[in-house]
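Let us take a friendly walk through a protein together. Keep the sequence and the 3D view side by side as you read.

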Amino acid sequence: MKKVITYGTYDLLHQGHINLLRRAKELGDYLIVGVTNDNFDRERGKLNVCNNVLERVEAVKATGLADKIIIEDYFGQKIDDIQKYDVDIFAIGSDWEGKFDYLNEYCKVVYLPRTEGISSTMLREEKQTIIKVGITGCGNIARRFVPEAAFVNGIEIAGAHDSNPAALKEFTATNGLKNAYGSFDALLEDVDAVYIATPHLSHYSLAKQALLAKKHVLCEIPLVLEEEQAQELYALAEQQGVILMEAHKTAHCPAFNHLMVMIKSGAIGEVVDIEASLSRLLPDKTRREFDPAQAGGSMYESAVYPLLPIFKLLGTDYQKLNIYSRMENGVDIYTKGVMRYPTAVCSFKLGLGVKTEGNLVISGTKGYAYVEAPWWKTDYFELRFEDQHKNKKFFYKWDGEGLRYEIQEWMSCIVNKRHESSRLYRKESIAMARVMQQFTQRKNFEKI
């Protein structure tokens with residue numbers, strides 16, 4: 001049996017795609033179609049938002065031309081797939097002429113003629129919806145947001161708001177923004193969506209105000225510090241017909257998502273233990289992070305990061321959480337949490353005044369996954385086994401500050417009217433707020 005493999009994004013599936021699939025099918029007896037992941041336009045400098053990967057897989061399946069559909073989500077996968085599936089022919093559109101000649105070492109490479117006069121780029125431009133976004137809070141994170149948004153199609157930064165007039169003036173000038181809004185109300189009147197990058201304790205009121213005004217919201221971490229507030233905001237967003245997302249950049253990191261998929265698929269067996277740590281040594285104790293009146297401390301600042309792989313792999317129904325913290329001047333400079341699940345135990349370590357390695361280790365019954373620091377910006381991980389010859393290393397590209405991935409997913413949810421992203425489910429975001437609330441209430445808590 002002659003096997004053929006081809007790859008594509010298949011965004012806004014059109015007749016050109018179908019013609020290519022048919023031509024590839026005619027080259028052999030069995031057609032494997034690789035659908036690239038949601039960050040498929042990275043090399044073109046833009047992240048598009050029309051169809052997510054699941055929608056594109058369903059569109060390809062509906063053509064009836066693919067005998068098998070796989071997801072392409074890491075560099076070098078084409079060689080792995082050709083060898084894994086014993087492929088005879090690699091087929092791709094002629095606009096890639098010469099780019100895949102290196103695959104001739106593994107199979108025959110065929111460049112197929114494309115259909116003239118139609119392309120996904122053209123269709124995207126015809127139906128592109130521009131979302132006007134306003135920013136509230138002109139601190140360091142917002143400074144990264146503006147240049148990162150430039151890599152995502154369909155978004156326009158309308159302007160910014162900040163309670164500090166001097167900071168607002170400097171921010172808008174530096175980023176070339178047209179509008180400096182004197183009030184949050186004024187900003188809401190002029191935009192479709194808002195990015196909230198203010199201090200933690202203002203998130204709830206600002207997000208609620210924006211949602212009541214029927215504006216889409218992307219809110220920086222932590223979304224809120226109380227479980228009921230998180231539940232209320234997500235319910236309000238759906239009621240208002242708008243999208244609320246927590247801006248958790250690790251949740252949208254391509255490499256991190258690939259790691260989660262591999263582990264859920266049984267790559268290291270049943271997960272029995274997860275250890276995640278994150279720390280920074282900040283010498284300036286006058287910073288917001290050390291102010292108890294502004295929800296300072298390592299728990300509020302960083303816990304959403306290690307909680308993510310725990311909730312992704314083991315769910316949000318943990319049986320018990322014990323918290324141990326070293327406190328100074330009303331904030332935790334170090335916190336360790338130990339979570340008990342029916343068949344697993346997890347721990348996380350956080351520090352603003354204590355330094356730890358900052359890695360992620362996920363232990364299973366067949367092997368373990370290791371992600372070196374800083375694991376929350378995953379660009380490399382390893383799967384390790386008893387037989388070291390079976391160890392595998394995976395390398396990825398981390399683009400810029402990484403915020404473009406979460407912005408792209410937010411835009412995708414808005415355009416496609418998806419109230420929830422599989423990268424960070426509502427229940428996971430709500431569970432993170434529950435952990436924050438437990439820390440606030442000092443339940444199962446001990447000082448060290």
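On a 1 Å grid over the protein atoms alone, a cavity is a set of points where a 1.4 Å probe fits but cannot get out, and its lining residues have an atom within 4 Å of a point. Grid points are joined across faces, edges and corners, and a volume is the space filled by probe spheres set on the points. Before we look, note that this is a predicted model: local features need pLDDT of at least 70, side-chain atom pairs count only at pLDDT 80 or more, and totals for chains, interfaces and linings use all residues. Residues are numbered from 1 along each chain as its sequence is written, and side-chain values use heavy atoms, with hydrogens and water left out.

How many cavities of 30 Å³ or more does a search of the whole structure find? The search finds 1, and the volume of the largest cavity is about 50 Å³. Its lining includes Tyr-234, His-419, Ser-421 and Arg-426. Strand β11 (residues 244-247) gives the most to this lining, with 3 residues; helices (H or I, at least four residues) and strands (E, at least two) are DSSP runs, numbered from the N terminus. By class, the lining has 4 nonpolar, 2 polar and 3 charged residues. Here Ala, Val, Leu, Ile, Met, Phe, Trp, Tyr, Cys and Pro count as nonpolar, Asp, Glu, Lys and Arg as charged, and the others, Gly among them, as polar.

Now turn to the packed parts. In soluble globular proteins, nonpolar side chains tend to be buried together. Buried means under 20% relative accessible area, exposed over 50%, and partly exposed in between (1.4 Å probe, protein chains only). A nonpolar core is a set of buried Ala, Val, Leu, Ile, Met, Phe, Trp, Tyr and Cys residues joined through side-chain atoms within 4.5 Å. The largest such core here has 54 residues, and Leu-259, Met-299, Phe-311, Met-339 and Ile-362 have the most contacts inside it. Helix α12 (residues 304-314) gives the most to this core, with 7 residues. A second, separate core has 28 residues, among them Val-146 and Trp-410.

Leu-259 also belongs to the buried residues of helix α10. Just after α10, Gly-266 has a positive phi of about 95 degrees.

What about the cysteines? A disulfide is a pair of cysteine sulfur atoms within 2.5 Å, and by this rule the count is 0. Cys-346 counts as buried because its relative accessible area is 0%. Cys-107 is also buried, at 8% relative accessibility.

Finally, follow the backbone. Most residues other than glycine have a negative phi, and most peptide bonds are trans. Asp-86 has a positive phi of about 55 degrees; it sits in the loop between α3 (77-84) and β4 (89-93) and is exposed, at 58% relative accessibility. Asn-444 has a positive phi near 50 degrees, and at 42% relative accessibility Asn-444 is partly exposed. A cis peptide bond joins Ile-221 and Pro-222, with omega about -15 degrees, and Pro-222 lies in the loop between β10 (216-220) and α9 (227-240). Another cis peptide bond joins Ala-373 and Pro-374, where omega is about -5 degrees.

Note on methods. On a 1 Å grid over the protein atoms alone, a cavity is a set of points where a 1.4 Å probe fits but cannot get out, and a pocket is an open set with protein on both sides within 12 Å along at least five of seven lines; lining residues have an atom within 4 Å of a point.
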